[in-house]
Amino acid sequence: MATTHWYRRGSRTSALSDEPFLQVLLLGIATALFGLAVLVWPEKTLRLIGIVAGVWLIVLAVVRAVTAIRSDTTSSRRVTAGVMAAILLAAGITCLRNANGGIVVLATLLGLAWLLSGFALLLIAMPARGSIRGWLSVLGFASVLIGLAFMLWPGPSLTTVVLISGVGAVLVGAGEVAFALRLRAVSRIET
């Protein structure tokens, strides 16, 4: 396939046709298949997320343990890091032994993140004036509600996230396949 490049005078080749058709097509197919797998087996996806959360917590525990052992840290920081390492290690092992526990831990962490973000937005909204105060307040309350949903209903909350991810992957994959087909058509016209 002979194409001229964008830097050559008189080139009619668009920047889009420089992307390899097969690469984009395979990426789109893989993304769509991933999305379909998530949609067909959401409980298995959640189990995998629980296992990954367990591994993540164990890695965090190791990092905290290293901080506790280091000689250049203060004794209070060593104790705090050691206690955190023990808690994180116990949580990580629990997640690996029981993936559903990992899902609950992950949902709780996500819920806390949403709650803290919401409270921060509400605090920022207090001194603000006019429409900025209204927007920050609405966003803060929405974040708090999402955080409470994750903490009160961890399973359904994460299942919803998994399903949205699956639908999103299918849509993006289909878009990538359509883009690849468009690239192929453009490259055929230009050659």
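This is a short walk through one predicted model, from the whole chain down to single residues.

First, the ground rules. Residues are numbered from 1 along each chain as its sequence is written, and side-chain values use heavy atoms, with hydrogens and water left out. Because the model is predicted, local features need pLDDT of at least 70 and side-chain atom pairs count only at pLDDT 80 or more, while totals for chains, interfaces and linings use all residues.

Let's start with the whole chain. It has 6 helices and 0 strands. Here, helices (H or I, at least four residues) and strands (E, at least two) are DSSP runs, numbered from the N terminus. Read along the sequence, the pattern is α-α-α-α-α-α.

How much of the chain is buried? Of its 191 residues, 29% count as buried. Buried means under 20% relative accessible area, exposed means over 50%, and partly exposed is in between, with a 1.4 Å probe and protein chains only.

Accessible areas come from the Shrake-Rupley method with a 1.4 Å probe; for residues, only the protein chains shown count as cover.

Now contacts, meaning heavy atoms within 4.5 Å. Take those between residues at least 6 apart in sequence. Of these, 73% join residues at least 24 apart.

Next, helix α4. Look at residues 99-125. That is 27 residues, reaching 39 Å from first C-alpha to last. The span is close to the 39 Å expected at 1.5 Å a residue. The expected span is 1.5 Å times one less than the number of residues.

Which residues of α4 are buried? They are A99, G101, G102, I103, L106, A107, G111, L115, G118, L122 and A125. Their cover includes α2, α3 (75-97), α5 (130-152) and α6 (154-190). An α-helix has 3.6 residues a turn, so residues three or four places apart point the same way.

On to α6. It has 37 residues and reaches 53 Å from its first C-alpha to its last, close to the 54 Å expected at 1.5 Å a residue. Its buried residues include P154, L158, V162, G166 and E176. The buried residues of α6 pack against α1 (21-40), α2, α4 and α5.

Now the inside. The largest nonpolar core has 9 residues: V38, L46, A53, I103, L106, A107, F150, L158 and V162. A nonpolar core is a set of buried Ala, Val, Leu, Ile, Met, Phe, Trp, Tyr and Cys residues joined through side-chain atoms within 4.5 Å. The elements giving two or more residues to this core are α2, α4 and α6. The most come from α4, with 3 residues.

What does A53 touch? Not counting residues up to four places away in sequence, A53 touches G102 and L106. Then there is T45, in helix α2. T45 counts as buried because its relative accessibility is 18%. With the neighbours up to four places away set aside, T45 touches V38 and V162.

T67 also lies in helix α2, residues 42-69. Why does T67 count as buried? Because its relative accessible area is 11%. Leaving aside neighbours within four places in sequence, its contacts are T73, R77, R78 and A81.

Now turn to the surface. L22, L26, I29, L33, L36, L39, L163, V167 and L171 form a nonpolar patch, with about 800 Å² of accessible area together. Patches are made of residues with over 30% relative accessible area and no salt bridge; like charges are joined within 9 Å, and nonpolar side chains (Val, Leu, Ile, Met, Phe, Trp, Tyr) within 5 Å. A salt bridge is a side-chain nitrogen of Lys or Arg within 4 Å of a carboxyl oxygen of Asp or Glu.

Both α1 and α6 supply at least two residues of the patch. The largest share, 6 residues, comes from α1. V167 lies in helix α6. V167 counts as partly exposed because its relative accessibility is 43%.

I164 is in helix α6. Buried or exposed? I164 counts as exposed, because its relative accessibility is 58%. I164 and L39 are 125 residues apart in sequence, and 8.9 Å apart in space, C-alpha to C-alpha.

G175 is in helix α6 too. At 37% relative accessibility, G175 counts as partly exposed. G175 and G28 are 147 residues apart along the chain, with their C-alpha atoms separated by 7.2 Å.
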